[in-house]
Amino acid sequence: MKQIRNLLLLCSLLTGALPTIAVAGTIAAPVVTRDAPDHLTVSWTDADPVDVLVSADPAARADQMKLVAKADGDGRATVPVTPGQRLYFLLKDPDGQTLRVGERSLPLMQASNFRDVGGNPGAGGKHVRWGLIYRSGGQPLLTDADVAQIGTLGLAHQVDLRSSEERVLAPSRIVGVPYEAIGYSMATLIKKDAPANGEGVYRRMPTMLAPHLKLVFRDLLARDGAVAYNCSAGQDRTGFVTAMILTALGVPREVILADYHLSTTLRRPEWEMPRIDPAAHPDDPAAQLFAKFQSNPAAAKPQPLKAADGTAFLSYAFDEIETKWGSVDAYLEKEAGVSRADIAKLQAAYLE
């Protein structure tokens, strides 16, 4: 039954739509969409009727939530919201199975790839808790309304994975959240004359981002509020860090890869970096890279994160880890200081 639920969730991640399979006693493929600024729709598959409850609290118990649909058999319910409001649904079938689901991507006006990591299936048949781990692209052009909405997330930590140059060119507009970063040059990530995303970049990530992982996992283990982390696009460096977190939480590799590929559709490059004059930054590799993208809209369009043979770029990072360290657990223990006891603590804190 667990494998069926994971398969249906994977289908919804890959296609953005619901599969047609409905299994009795199995709530599967839940998706929340914002059909309009003032309406949220939750959809799912289940051969049995489902009760639908809703709350603004991602950790609310069923008895603390509002019932919006009783014994709903059509797999769909819509509720009104205020623009920007986040709600979380609890689906409950007659056999007592419950599944919580929220809106994956935050409805921000001038942000890119800002999303909640919750809902993915993890260890022991549980799911990653909503409202505790957020990933995103850069935030230099957030509107005041965006900043206010992010201020309601309860963030206790923000880890910036970007290079020293990127952080100067495009400082985050998020305020009031303890901010952490580690200095390095963009030149260590890219080739001198080209953005060359792919195998070479991803095989360098396990070593280059190990210090950042120490920060992120330390913050997660602190359990004093939600954690957010970002790079510029929210897909490559952020995708790697997310993969390490989800692996520690027992999320299947195929689900991690499907979540990784969501960046191709959820990115908004126009909000990741302000306009740059390359002549003003002749010796800045990040400025030259992003100015090149900005001068060629076709080059700035998000591209699938895979090689010509279909291999996901993220798979190269996994292969590098398994070749050099043997496993993600061994890598995290040696390079990020995350012990097996820490992983048990993380799963207890971030799975439900």
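Predicted model: local features only at pLDDT ≥ 70, side-chain atom pairs only at ≥ 80, totals over all residues.

A: Contact here means heavy atoms within 4.5 Å. Setting aside its neighbours within four places in sequence, Ala123 is in contact with Leu249, Gly250, Gln347 and Leu351. Ala123 sits in the loop between β8 and β9. Its relative accessibility is 22%, so Ala123 counts as partly exposed. For a sense of distance, Ala123 and Gly73 are 50 residues apart in sequence, and their C-alpha atoms are 29 Å apart in space.

That loop between β8 (115-116) and β9 (133-136) also holds His127. At 17% relative accessibility, His127 counts as buried, because the cut-off for that is under 20%. Again leaving out neighbours within four places in sequence, His127 is in contact with Leu99, Gly119, Asn120, Pro121, Gly122, Tyr350, Leu351 and Glu352. So Leu351 turns up in the contacts of Ala123 and in those of His127.

Now for the helices. Two packed helices are described by the angle between their axes and the distance between the axes. Take α4 (residues 199-208) and α11 (residues 313-324): they pack at an angle of about 45°, with their axes 8 Å apart. That angle makes α4 oblique to α11. The crossing of α4 and α11 is right-handed. On the α4 side, the contact is made by Glu199, Tyr202, Arg203 and Pro206. From α11 come Phe313, Leu314, Tyr316, Ala317, Asp319, Glu320 and Ile321. Sorted by class, this contact of α4 with α11 has 7 nonpolar and 4 charged residues, and no polar ones.

Both of those helices come up again at α12 (residues 328-335). The buried residues of α12 are Val328, Tyr331 and Leu332. They span an arc of only 95° around the axis, which means they are on the same side of α12. What covers these buried residues includes α4, α5 (210-222), α6 (237-248) and α11.

One of those covering helices, α5, is worth a look of its own. The axes of α5 and α12 come within 10 Å and cross at roughly 90°, so α5 and α12 are roughly perpendicular to each other. In this contact, Ala210, Leu213, Lys214 and Phe217 of α5 meet Tyr331, Leu332 and Glu335 of α12. These residues divide into 5 nonpolar and 2 charged, with no polar ones. Notice that Tyr331 and Leu332, two of the buried residues of α12, are part of the contact with α5.

α12 is followed by Gly337, which has a positive phi near 70°. Most residues other than glycine have a negative phi. Arg223 has a positive phi of about 55° although it is not a glycine. You'll find Arg223 in the loop between α5 and β12 (226-230). With a relative accessible area of 59%, Arg223 is exposed. Asn113 also has a positive phi, near 60°, and is a residue other than glycine. Asn113 lies in the loop between β7 (98-102) and β8. At 2% relative accessibility, Asn113 counts as buried.

How values were computed
Residues numbered from 1 in each chain as written. Heavy atoms only, no water. Axes fitted to C-alpha atoms, helices over the stretch in contact; angles between N-to-C directions. Helix = DSSP H or I, 4+ residues; strand = E, 2+ residues; numbered from the N terminus. Parallel < 35°, antiparallel > 145°, perpendicular 65-115°, else oblique. Left-handed = near helix turned anticlockwise from the far one by under 90°. Nonpolar A, V, L, I, M, F, W, Y, C, P; charged D, E, K, R; others polar. Buried < 20%, exposed > 50% of the residue type's maximum accessible area, 1.4 Å probe, protein only. Arc of directions from axis to C-beta.
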